[in-house]
Amino acid sequence: MNKILIVEDEPPISNLIAMNLKQAGYECTAVFDGSQAADLIAPGAFDLILLDVMLPKVDGFELMEYIRPMEIPVIFITAKADLSDRVKGLRLGADDYITKPFEIAELLARVESVLRRYRKTERVIHIQDVEIDTDSRTVRKNNVQIELTMKEYELLLLFVRNLNVALFRETIYERVWGSSYMGETRTVDLHVQRLRRKLGWEDHLVAVYKVGYRLEFGAGGKP
C-alpha cells in the first residue's frame, strides 16, 4: 500500500483529500504546517507528498528544497495559480502542480499517474529488456551488464521514472546536474546520445522538437 503525506493547513481540504485517498486504497498521514512535515519526512518514509505552498512556519517552496535530495515525488496543491508560481514549483523538483479548487477525480488521476511513472518504490526496475537495480546502481540489458557513468545512470532513471513524458532540456539538466540550464551547453544532448547507443534505444529515446527528449515505450515498458 502506497504511503502518502498530506501537508495542508486547511482541515476541511485535508480531510476531504485523506478520505478519498483512503477509499482509493492509499495509506495517508496528514499534517498542517511545514515544520510538522519536516519532522516526518525521511528517505523511504512516504511514496508521495501532497504539498500546499502557503503553509504556517515553513512554506511549501522552502520545504521542497528539503525534500528534493530524498527523491520523494511531490504534487503541489495550492491556490497560487500564477504561472510564475507553477514554474517555480516545477523547477524546484515537483512532479505536478494542481491549483485549487480541484476535482477529486483529477487529483486521484494525477496521484496514480505520478506513482506509476515515478516507480520509486521498486528496487529493481524492468523496462523492455533492461533491468535497473537501484540498490547496486547497476544496469543490465539481456542479462549483460551495461557500464554507465554516474550522470548516464541518473539520466536513465529520470527518463524511466517519467516514461512517455516529454522532458524539457532545462528540467533534465537541473534534475541530473543540479544547476540552472543556461541554454548554450550540449551536455544533455551528448549524454542522451551515449545513453541511446549503450542501450540500443535509438528508436525509443526520441527528441521532441523545441522541448527536449522523451523515452517512449508502451504500458509497462513494452515496445
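Analyst: Rings of Phe, Tyr and Trp pair if their centres lie within 6.5 Å. The model is a predicted one, and Phe61, Phe76 and Tyr97 form one aromatic cluster in it.

User: How many aromatic pairs does the structure hold?

Analyst: There are four aromatic pairs. One of them joins Phe61 and Phe76, with 5.5 Å from centre to centre and 75° between the planes. Planes over 60 degrees apart count as edge-to-face, and the pair of Phe61 and Phe76 is therefore edge-to-face.

User: Which elements hold Phe61 and Phe76?

Analyst: Phe61 lies in helix α3 (residues 60–67) and Phe76 in strand β4 (residues 74–78). The two residues are 15 apart, and their pair links distant parts of the chain.

User: Are Phe61 and Phe76 buried or exposed?

Analyst: Buried means under 20% relative accessible area. Phe61 has 8% and is buried; Phe76, at 0%, also counts as buried.

User: What is the arrangement of the rings of Tyr173 and Trp177?

Analyst: Their planes are at 10° and their centres 5.4 Å apart, so this pair is stacked. Tyr173 and Trp177 are four residues apart in helix α7, and therefore about one helical turn separates them. Both Tyr173 and Trp177 are buried.

User: At what angle do helices α7 and α8 pack?

Analyst: Helix α7 (residues 169–177) packs with helix α8 (residues 187–199) at an angle of about 80°, and their axes are 10 Å apart. Angles of 65 to 115 degrees count as roughly perpendicular, so α7 and α8 fall in that class. On the α7 side, the contact is made by Arg169, Ile172, Tyr173 and Trp177; α8 contributes Thr187, Val188, Asp189 and His191. By type, the residues of this contact divide into four nonpolar, two polar and two charged.

User: In what order do the strands of the open sheet stand?

Analyst: The three strands follow the order β10-β12-β11, with antiparallel pairing. Strands β10 (167–168) and β11 (205–208) each have a single partner strand and stand at the edges, so one side of each is left without a neighbour in the sheet. Two bridges join β10 to strand β12 (residues 212–215), and Phe168 has Gly212 as its bridge partner in β12.

User: Which helix lies across β10, β11 and β12?

Analyst: That is helix α6 (residues 150–160), which runs at about 70° to β12.

Key:
Residues are numbered from 1 along each chain as its sequence is written. This is a predicted model: local features need pLDDT of at least 70, side-chain atom pairs count only at pLDDT 80 or more; totals for chains, interfaces and linings use all residues. Side-chain values use heavy atoms; hydrogens and water are left out. Axes are lines fitted to C-alpha atoms, for helices over the stretch in contact, and angles run from 0 to 180 degrees between N-to-C directions. Angles under 35 degrees count as roughly parallel, over 145 as roughly antiparallel, 65 to 115 as roughly perpendicular and the rest as oblique. Contact means heavy atoms within 4.5 Å. Ala, Val, Leu, Ile, Met, Phe, Trp, Tyr, Cys and Pro count as nonpolar, Asp, Glu, Lys and Arg as charged, and the others, Gly among them, as polar. Rings of Phe, Tyr and Trp (its six-membered ring) pair if their centres lie within 6.5 Å; planes under 30 degrees apart count as stacked, over 60 as edge-to-face and the rest as tilted. Buried means under 20% relative accessible area, exposed over 50%, partly exposed in between (1.4 Å probe, protein chains only). Two strands pair if DSSP finds at least two bridges between them.
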